[in-house]
Amino acid sequence: MTMAYYELHDGRLTKTTGVMDSRALAYGDGFFSTMGVHDGRILCIDGHQDRLTLSSARFELSLDVKSVLAVLIDLAVQMGEGVLKVIITRDRQAVRGYGYADGRAVVLIKLMPSPIYSGVSFYDGIPYQLAGVAVCLSERLSLRTSRFLGLKLISAHEQVFIQRELHCHQQHDSAIIEGLVASASGEWVSGSMSNVLYHLDGKWHTPPVQACGVDGVMRRVLMTQYDIAERVLLDEDLMNLDGLAFCNAVRGVMPISALTINGVVHPLKMNGFFTKLYHQTHPH
């Protein structure tokens with residue numbers, strides 16, 4: 001009997017291709033980046049270049065980042081507006097099992113044309129969404145080893161259950177746009193699909209991602225552009241917040257008008273994220 005691949009779905013067995021041999025599927029051996037495209041341009045393209053460079057080095061992959069970016073830039077021009085997603089994984093190897101013999105990379109690209117920025121305001125080239133509500137989630141993020149700190153891994157099983165919990169909350173309250181997620185050690189680290197920015201004691205902060213979470217492209221841009229410092233976010237801080245926002249490279253900044261903690265809604269005093277940042281960084 002020769003080697004064959006099958007898919008068993010709803011009790012039906014059908015032959016399929018060799019997708020099981022993909023290291024992305026079999027081992028989660030790789031990383032990805034999701035890019036917003038507006039007016040034919042990739043938002044925060046320098047940040048995505050840094051991510052591709054750093055992540056491929058951590059995975060010991062041979063990747064011509066400039067050539068990949070050139071292709072993505074061309075596709076962005078053709079698409080006009082929407083989302084580009086790129087997955088970088090290791091090519092199939094001659095050795096069996098988890099190990100690898102070389103760093104040949106496979107680049108997978110998905111185009112999703114959509115008028116996602118219709119009606120969205122831009123400040124300094126950054127999308128600024130309408131304010132919404134956030135909720136503290138119970139699902140947590142595990143701590144990472146040093147090799148994978150801050151990377152956007154394609155092995156995202158934790159986010160599957162985090163997103164599921166968020167969707168359950170959204171079914172009861174359509175105003176909820178994000179969930180606040182803690183690490184296994186109890187520190188609040190990120191959103192379900194984003195990084196966190198919070199205003200406390202007169203300053204903007206973002207939780208560190210040295211132990212877990214993703215060092216997001218938009219997070220890095222905002223930290224640099226507005227001099228936002230890292231600070232651990234703990235349970236006792238939540239009741240004292242007077243500003244909260246989430247951010248990612250596609251949606252930009254998502255201001256939060258209220259945070260639900262243990263079922264109780266706590267309104268936030270300040271929603272004008274960029275206005276507050278401007279006055280903080282440009283004092284009279």
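Reader: Start with the largest pocket. How does its lining split by class?
Author: The lining has 19 nonpolar, 16 polar and ten charged residues. Keep in mind that this is a predicted model.

Reader: Noted. How much space lies in that largest pocket?
Author: About 880 Å³.

Reader: And how many residues line the largest pocket? Which lie nearest its centre?
Author: The lining counts 45 residues. Nearest the centre are Phe32, Lys152, Leu153, Gln159 and Val214.

Reader: Which elements give two or more residues to that lining?
Author: Three helices do: helix 2 (45-58), helix 4 (157-172) and helix 5 (217-226). The strands are strand 3 (30-38), strand 11 (188-191) and strand 15 (243-248).

Reader: Which element gives the most?
Author: Helix 4, with five residues.

Reader: Next one down. What volume does the second largest pocket have?
Author: About 330 Å³.

Reader: Which residues are closest to its centre?
Author: Arg51, Leu54, Gly150, Asp215 and Arg220. They belong to a lining of 19 residues.

Reader: Which elements give two or more residues there?
Author: Helix 2 and helix 5. Both also give two or more residues to the lining of the largest pocket.

Reader: Where does the largest share come from in the second largest pocket?
Author: From helix 2, which supplies six residues.

Reader: Where is cysteine 44 found?
Author: In the loop between strand 4 (41-42) and helix 2.

Reader: Is cysteine 44 buried or exposed?
Author: Buried. The relative accessible area of cysteine 44 is 18%, and the cut-off for buried is under 20%.

Reader: What about glutamate 60, what phi does it have?
Author: Glutamate 60 has a positive phi of about 55° too, and it is not a glycine.

Reader: Which loop holds glutamate 60?
Author: The one between helix 2 and helix 3 (65-79).

Reader: And how accessible is glutamate 60?
Author: Its relative accessibility is 40%, so glutamate 60 counts as partly exposed.

Reader: Give me the pair in one go.
Author: Cysteine 44 is buried, whereas glutamate 60 is partly exposed. Cysteine 44 sits in the loop between strand 4 and helix 2; glutamate 60 sits in the loop between helix 2 and helix 3.

Note on methods:
Residues are numbered from 1 along each chain as its sequence is written. This is a predicted model: local features need pLDDT of at least 70, side-chain atom pairs count only at pLDDT 80 or more; totals for chains, interfaces and linings use all residues. Side-chain values use heavy atoms; hydrogens and water are left out. On a 1 Å grid over the protein atoms alone, a cavity is a set of points where a 1.4 Å probe fits but cannot get out, and a pocket is an open set with protein on both sides within 12 Å along at least five of seven lines; lining residues have an atom within 4 Å of a point. Grid points are joined across faces, edges and corners, and a volume is the space filled by probe spheres set on the points. Helices (H or I, at least four residues) and strands (E, at least two) are DSSP runs, numbered from the N terminus. Ala, Val, Leu, Ile, Met, Phe, Trp, Tyr, Cys and Pro count as nonpolar, Asp, Glu, Lys and Arg as charged, and the others, Gly among them, as polar. Buried means under 20% relative accessible area, exposed over 50%, partly exposed in between (1.4 Å probe, protein chains only).
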